[in-house]
Amino acid sequence: MVIPRRYGALLGVVAGAAGLAMSELVSGGLHQRVSPIVAVAEGVIGLTPGAVIELVISVVGTNDKPFLIGLTVVGALVLSAVAGLLAIRSVLAGQGLFFLLGAVVLLAVHARLTSSATTYVPAIVGVVTSLVLLAVLARKAQAATARPPDRDTFGQPCHDRSRRGFLVLAGVVGLAAVVAGSTGRFLAQGRAAVEAARRKLDLPLRSVATPPGTDLGVRGIDPWVTSQAKFYRIDTALSAPQILPKDWELRIHGMVDREVTLTYQNLLDRGLEQAWVTLCCVSNQVGGDLISNASWSGVRIADLLAEAGVQDGADAVKSTSEDGWTCGTPLAALTDDRRALLAVAMNGEPLTPEHGFPVRMVVPGLYGYVSATKWVVDLEVTRFDDFSAFWTVRGWSREGPVKTQSRIDVPRQGANLSPGRVAIGGVAWAQHTGIEKVEVRVGAGDWTAATLGADPSIDTWVQWSVPWDATAGDHDIVVRATDKSGYTQTDKLADVVPDGATGWHTVTVEVGQ
Ligand SMILES: Nc1nc2c(c(=O)[nH]1)N[C@H]1C(S)=C(S)[C@@H](COP(=O)(O)O)O[C@H]1N2
Ligand SMILES: [Mo]
């Protein structure tokens with residue numbers, strides 16, 4: 001028996017809609033800037049001649065974007081119907097069409113989003129959903145029409161029961177698709193709303209010009225200030241939490257005389273302090289790049305704790321983020337004279353969602369996992385003995401002061417150089433102690449002191465550089481730093497677990513004849 005065509009079209013549309021809905025849901029959940037549908041719609045705009053676009057705008061006015069997205073969805077569903085019609089003859093043929101559509105969507109996404117680990121996930125989830133549902137529904141439709149008709153109690157043929165089974169399944173999938181799609185749109189609006197709120201903020205920030213002399217002007221050394229876009233990012237969040245400043249609240253409680261609850265506006269009202277602080281991840285390997293430097297603006301945590309009144313016996317603050325990540329920081333590091341901040345801004349702009357918007361902690365001298373809580377919403381004054389934090393229960397040390405380290409940025413490992421004058425350079429750091437001296441050794445030569453860039457505080461990295469007359473052959477270049485406490489970096493290699501790597505960064509270069 002032949003499956004009615006309308007069943008084919010219906011199952012195709014349902015499978016296609018479910019795929020679209022799932023891609024919207026995942027994209028919304030990951031807070032991506034554009035969803036696959038929007039990417040395709042924008043791709044269509046890009047490929048449409050200007051005259052046609054103008055014509056469309058003259059007809060639909062400022063609704064051109066919803067119009068185009070609607071058109072994209074309708075187009076996708078029409079093609080899905082075709083896939084369904086193909087599927088009632090051959091499931092593989094129908095799937096083939098969905099596969100092609102999926103490839104087009106991936107291309108559109110590729111063109112619209114800078115790639116990260118999750119860029120293509122929504123489109124892939126969508127395509128897989130459609131492929132699977134097409135096969136399931138086609139099989140169900142085949143069962144509904146190929147089976148000899150059931151007989152009712154009077155012995156009359158009745159097709160209805162198995163057909164009803166197919167229609168109910170199609171209906172349920174269709175409904176689920178509507179729910180998933182709407183949820184996806186809702187989540188996406190969350191990101192858009194936070195972006196809009198962030199843009200509207202007009203924070204009272206002092207200018208944050210780069211201090212003179214911090215950049216040595218040597219090509220290849222990481223810039224002294226790291227831009228928001230280049231700043232390393234480490235967190236356990238699948239996608240950055242989206243928190244509106246008006247919804248943000250911080251509770252300070254635990255071993256305090258008075259609980260304090262703060263709003264975003266309360267923070268701004270206190271006036272913002274600015275500090276240059278280099279953040280660093282405990283997972284940074286010798287020579288690694290999980291370290292970046294920025295200007296931070298915020299309120300001193302010490303002042304807030306003083307207001308709450310810290311009780312005797314407390315030695316730690318447990319901070320918790322909106323997404324439930326926890327971190328334990330020595331109380332002393334938050335109450336001594338260093339600028340431990342509840343930061344609202346980075347490089348003169350409100351934090352980006354990825355770096356903790358609207359409020360995060362920044363504590364000079366400690367690795368991020370014990371100090372730099374992003375999306376912070378809770379500070380509990382407590383004792384280290386009374387709690388464990390996210391990473392300490394996973395084998396990392398309870399306390400994590402940053403270890404004095406240095407890195408060679410130029411020349412790169414394995415570089416091929418010509419003989420003659422070459423600049424060796426990089427960065428060195430010992431946050432909240434300060435760098436005193438950086439030395440470089442080539443081959444079996446002597447240690448040579450490097451020129452240091454300016455550092456406006458002991459809480460930031462410094463650039464360093466040494467000129468070298470490169471001679472033909474292979475050379476090992478080694479760097480070591482000495483901090484202001486007089487400690488010189490050990491050459492003993494230690495892994496990053498449990499409290500940070502040690503060892504001298506070494507690069508090998510080849511100098512031609
Ligand atoms: N909420 C939250 N905050 C967090 C983390 C996290 O996983 N969740 N990771 C920490 C770690 S391990 C580091 S190194 C720093 C990195 O901050 P960044 O991503 O702004 O560079 O954030 C810290 N703050
Ligand atoms: Mo980290």
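# Pockets, ligand shell and backbone

Trainee: How many nonpolar, polar and charged residues line the second largest pocket?
Mentor: First, this model is predicted: local features need pLDDT of at least 70 and side-chain atom pairs pLDDT 80 or more, while totals for chains, interfaces and linings use all residues. Residues are numbered from 1 along each chain, chains are lettered from A and ligands numbered from 1 as written, and side-chain values use heavy atoms without hydrogens or water. Ala, Val, Leu, Ile, Met, Phe, Trp, Tyr, Cys and Pro count as nonpolar, Asp, Glu, Lys and Arg as charged, and the others as polar. The lining of this pocket has 18 nonpolar, 10 polar and no charged residues.

Trainee: What volume does the second largest pocket have?
Mentor: A pocket is an open set of points on a 1 Å grid over the protein atoms alone, with protein on both sides within 12 Å along at least five of seven lines. Volume is the space filled by probe spheres set on the points, joined across faces, edges and corners. For the second largest pocket, that space is about 570 Å³.

Trainee: Which residues lie closest to its centre, and which elements give two or more residues to its lining?
Mentor: Lining residues have an atom within 4 Å of a point. Of 28 such residues, Leu20, Val40, Ala76, Leu101 and Val105 are closest to the centre. The elements are DSSP runs (helices H or I of at least four residues, strands E of at least two). Those giving two or more residues are H1 (5–29), H2 (36–47), H4 (64–89), H5 (91–112) and H6 (121–146).

Trainee: What separates the centres of domain 1 and domain 3?
Mentor: The bounds come from an automatic or database assignment. They give domain 1 (5–190), domain 2 (245–394) and domain 3 (405–511). Taken over C-alpha atoms, the centres of domain 1 and domain 3 are separated by 56 Å.

Trainee: Which domains each give at least three residues to the lining of the largest cavity?
Mentor: A cavity is a set of points where a 1.4 Å probe fits but cannot get out. The structure holds 2 cavities of 30 Å³ or more, and the largest has about 80 Å³. Its 13 lining residues include Asn284, Tyr367, Gln405, Trp429 and Ala501, nearest its centre. At least three residues come from each of domain 2 and domain 3.

Trainee: How much of the accessible area of ligand 1 does the protein cover?
Mentor: The shell has 18 residues (a heavy atom within 4 Å), with 8 nonpolar, 5 polar and 5 charged. Polar contacts (N or O pairs within 3.5 Å) reach ligand oxygen atoms from Lys374 at 2.5 Å, His355 at 2.7 Å and Trp325 at 3.4 Å. On its own, ligand 1 has 530 Å² of accessible area (Shrake-Rupley, 1.4 Å probe). Of that, the protein covers 99%.

Trainee: Which residues does each cis peptide bond join?
Mentor: Most peptide bonds are trans. One cis bond has omega of about 5°, and its Pro358 lies in the loop between S10 (349–350) and S11 (360–362). Another has omega of about 0°, with Pro498 between S20 (473–483) and S21 (506–511). The pairs are Phe357 and Pro358, and Val497 and Pro498.

Trainee: What phi does Asn347 have?
Mentor: Asn347 sits in the loop between S9 (341–346) and S10. It is not a glycine, yet its phi is positive, about 50°.

Notes
Polar contact = N/O pair within 3.5 Å; in protein donor to acceptor, adjacent residues only side chain to side chain.
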